[in-house]
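Subject: Structure handover

Hello,

Here is the structure I said I would pass on. My notes follow it.

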Amino acid sequence: MNVAIVGIGIHPFGRHDGISGLDMGTIATQQALRDAGIEWSDAQFAFGGSLDYTLPGSSESNPDALVSRLGLTGLQFVSVQNGCATAGSALAMAANTIESGAFDLGVAIGFDKHGRGAFAADPGVHGLPSWYGEVGLFVTTQFFAQKINRYMHEHGISVDTLASVAAKAFRNGARNPNAWRRTPLSEAEILSARMLNWPLTQYMLCSPSQGAVAVVLCRADQAHRYTDRPIYLRGAAVRTRRFGSFEVFSPYLPLEQSPSPTVDAARACFEQAAIAPTDLDVAQVQDSESGAEIMHMAECGLCADGEQEALIRDGATEIGGSLPINTDGGLLANGEPVGASGMRQVYEVVLQLRGDAGDRQVPGSPRVGFTQVYGAPGIGACTVLTT
Amino acid sequence: MAVQQVPIADGVFTWPADAPQLIGSECPACEVIVFPRAVNCPRCAADAPRDRLLARTGTLWTWTTQGFLPKWPYTGPETEDTFSPYLLGYVELPGEVKVETRIVGATPETLQIGMPMELTIVPHRVDDHGREVVSFAFRPSEARGS
């Protein structure tokens, strides 16, 4: 893939009164345009991702409304809603648009402003019968808990390791001025918190939140027109569930088992980039809950199943470790504004590869980074980035 | 007078029945079994799967607790004040399919992945007509041979 990222912008993640998701998306986009040294009128196309406006009772805006804020220039603007991979999908579509030769310069934008508490949705939206929700089985966090419980059983992951992952997230979040939860918590505090879905306590699960990210992309051979520090997008892949993978919102699972869409997306992405997981210097993976970070490490090929227990105990995934993971605090410290979440990961990798990550900078001038999002209704999206 | 009982939905399990069974679908082409009934086979997309009555016993494949009151569309009778955590999981029916289900008659301390489980019908809520809406659940099987 011959695409470069030449500008990035972010609106801090968290809960923000008096400002809409659309406002946050506008702010992030203006910042990304400034970072690239371009005007909105220079953008030939944009993909805008957001989820909340499609949820029951939401008063949030369709991403297309951004053009009324940024300028009615007539550009190609496409709104993207693709479940929890909305931001990852918007970015991948933008990259593919440049790769195809259709346009040379564009923007991928993601924003969301969610209310408090777990997402509520109509099972019918996912093609499921209403009784499945009525009896109390249609709750996303139940899926994550059941998946990690089975994984712990098969691969010897301990509850203490779940707490270690969450403690790292809050430590890293404390070093990130754009993070939501910036207070470090001890493993003991995490383990003794309210049990939401066994084995996951309150601090092991991320919450829906609010925020926005924008990224300016261009043809790789034109990147130096905009910046002397381009970051190259070498691979971007989106994949959906195959029959037999263990997915959220599944009233049944067949006896035959298939790899998750994350496995397929990561494999395709590394292949496209001609880069191996062993080449990575920094990675951001979906930590909807602390077990998800552990499972996604293996699903992305960053380690073998079961190796996480020793890797995490030995500090491999810390900022100073051999493969730092979720250096900005991940979803646990940033929450999940679905439309922006996957692009937050890309924003963080760009900062790290530029050497601009401040207090949480990975030492040794990292050159290769990776991102992965996963979520309902069984979608994975990955990117590989290099200096 | 006995309270009238109605199932949570038609076609989910056989009802009324002395030994109710979940109603799945079996694909006429690739023979895969799914639950609940499917319009077409999600594996090979063949039309017209046939009904398949599923086994009443299996083994626990994974489980969790629900520690907070679910939002709509949950219709259980609890309020924030009366809610207490419930159990759920996937039960593997040998040679058939794994089904997601509420679990009763157990605690987090007594559940073990791999333990034998059996189907049961449980009250869910009382509807506007005063009828008891019943749903399905699994519970640890009665100890055998001991």
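Where in chain A is the place of G115(A)? This residue sits in the loop between strand 4 (105-113) and helix 4 (130-134) of chain A. Please keep in mind that this is a predicted model. G115(A) is partly exposed, its relative accessible area being 47%. Along the chain, G115(A) and A174(A) are 59 residues apart, and 23 Å separates their C-alpha atoms.

Another residue of chain A that I looked at is Q372(A), which belongs to strand 11 (residues 368-375). Its relative accessibility is 0%, so Q372(A) counts as buried. From Q372(A) to T386(A) there are 14 residues in sequence, and the distance in space is 15 Å, C-alpha to C-alpha.

Helices of chain A

Helix 9 of chain A covers residues 290-299. Ten of its ten residues are buried, so helix 9 is largely enclosed by the rest of the structure. The buried residues include S290(A), E293(A), H296(A) and E299(A), and also I294(A), M295(A) and M297(A). The N-terminal end of helix 9 is capped by E289(A), which has a side-chain oxygen 2.5 Å from the backbone nitrogen of G291(A). After helix 9 comes G301(A), with a positive phi near 85°.

Helix 12 of chain A spans residues 338-354. With 17 residues at 1.5 Å a residue, helix 12 should span 24 Å, and its end C-alpha atoms are 25 Å apart, which agrees. Helix 12 is mostly covered, with 17 of its 17 residues buried. G355(A) follows helix 12, and its phi is positive as well, near 80°.

Cysteines

How many disulfides does the structure hold over all chains? The count is zero. C300(A) is buried, with a relative accessible area of 3%. In chain B, C41(B) is in no disulfide either, and the nearest cysteine sulfur, in C30(B), is 3.7 Å away. C41(B) is also buried, at a relative accessible area of 2%.

The second largest pocket

The volume of the second largest pocket is about 770 Å³. It is lined by 30 residues, and those closest to its centre are G127(A), L128(A), F249(A), P251(A) and Y252(A). Which element gives the largest share of this lining? That is strand 9 (residues 252-254) of chain A, which supplies three residues. Sorted by class, the lining of the second largest pocket consists of 18 nonpolar, seven polar and five charged residues.

Chain B

Chain B has zero helices and nine strands. Its pattern along the sequence is accordingly β-β-β-β-β-β-β-β-β. Taken along the principal axes, the C-alpha atoms of chain B fill a box of roughly 50 × 40 × 30 Å. Chain B has 146 residues, of which 49% count as buried.

Regards

Methods:
Residues are numbered from 1 along each chain as its sequence is written. Chains are lettered from A and ligands numbered from 1 in the order in which they are written. This is a predicted model: local features need pLDDT of at least 70, side-chain atom pairs count only at pLDDT 80 or more; totals for chains, interfaces and linings use all residues. Side-chain values use heavy atoms; hydrogens and water are left out. A disulfide is a pair of cysteine sulfur atoms within 2.5 Å. Buried means under 20% relative accessible area, exposed over 50%, partly exposed in between (1.4 Å probe, protein chains only). On a 1 Å grid over the protein atoms alone, a cavity is a set of points where a 1.4 Å probe fits but cannot get out, and a pocket is an open set with protein on both sides within 12 Å along at least five of seven lines; lining residues have an atom within 4 Å of a point. Grid points are joined across faces, edges and corners, and a volume is the space filled by probe spheres set on the points. Helices (H or I, at least four residues) and strands (E, at least two) are DSSP runs, numbered from the N terminus. Ala, Val, Leu, Ile, Met, Phe, Trp, Tyr, Cys and Pro count as nonpolar, Asp, Glu, Lys and Arg as charged, and the others, Gly among them, as polar. The expected span of a helix is 1.5 Å times one less than its number of residues. A polar contact is a pair of N or O atoms within 3.5 Å; within protein, one must be able to donate a hydrogen and the other to accept it, and residues adjacent in sequence count only if both atoms are side-chain atoms.
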